[in-house]
Amino acid sequence: MKEAPDWLPPLVLFSSHGGDWESYLAAIYGCFKQDFVDSRPVFQGRRLGLKRHPWAHGKEATFWHMIQRGDNEEERTPDFRRCERIRWPKPIIEHDSDPAIKVWVNRRRGQQRICLWFEPESYLVILADRGKYILPWTAYPVEQPHRRRKLQREYEEFCQHRD
């Protein structure tokens, strides 16, 4: 991407915390807490809740999903590319009308999900639609070209069926 929009915060780098994991974890959790615990973002007029359980190490489940990767909850590991972008989910959610963000609804594991793909940075935010409220579910950079192609197809199919 040539120039990031002015609403997109800078990365939170591990190197800025002296390479100390505990210091870095505290800093990125502070960003998450400011964006999702201390304030209540809104998506298309609906309030965002927070998936708090399973609570681990004094932090909400959503936080861990935004900074770790892995299918098995007990074996997820930190992903520095996710960690660096911890400040991105909230502004992407709040700027969903920006033409750079593709928004669509799909079903994953029998649940309705809202996808917000900030395509210029290939960053995906997933929200879980719970009816009266929405949960930020996870967010991550989409690195594999085949995964980007799949998201593009999914978005195009959604747009075709919406018309």
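**Definitions and values in a predicted model**

Tutor: In the protein chain, the mean position of the 28 positive charges lies 5 Å apart from that of the 24 negative charges. Lys and Arg count as positive, Asp and Glu as negative, while His and the chain ends are not counted; each charge is placed at NZ of Lys, CZ of Arg, CG of Asp or CD of Glu. This is a predicted model, in which local features need pLDDT of at least 70 and side-chain atom pairs count only at pLDDT 80 or more, whereas totals for chains, interfaces and linings use all residues. Residues are numbered from 1 along each chain as its sequence is written, and side-chain values use heavy atoms, with hydrogens and water left out.

Student: Why is Cys31 called buried?

Tutor: Buried means under 20% relative accessible area, exposed over 50%, and partly exposed in between (1.4 Å probe, protein chains only). Cys31 has a relative accessibility of 13%, and therefore counts as buried.

Student: How do you know that Cys31 is in no disulfide?

Tutor: A disulfide is a pair of cysteine sulfur atoms within 2.5 Å. The structure holds zero disulfides; for Cys31 the nearest cysteine sulfur, that of Cys83, is 11 Å away. Cys159 is likewise in no disulfide, the nearest cysteine sulfur being that of Cys115, 12 Å away.

Student: What makes Cys159 buried?

Tutor: Its relative accessible area is 15%, so Cys159 is buried. Of the 163 residues in the protein chain, buried residues make up 47%.

Student: Why is Ile67 called buried, and where is its place?

Tutor: Ile67 is called buried because its relative accessible area is 0%. Its place is in helix α2, residues 61-67. Helices (H or I, at least four residues) and strands (E, at least two) are DSSP runs, numbered from the N terminus. The protein chain has five helices and eight strands.

Student: Which residues is Ile67 in contact with, its neighbours within four places in sequence left aside?

Tutor: Contact means heavy atoms within 4.5 Å. Ile67 is in contact with Leu25, Ile28, Thr77, Pro78, Asp79, Arg82, Cys83 and Ile86, its neighbours within four places in sequence left aside.

Student: What makes the radius of gyration of the protein chain agree with that of a compact globule?

Tutor: The radius of gyration is taken over C-alpha atoms, and the globule rule is 2.2 Å times the number of residues to the power 0.38. For 163 residues a compact globule would have a radius near 15 Å; the protein chain has 16 Å, so the value agrees. The C-alpha trace spans about 50 × 35 × 30 Å along its principal axes.
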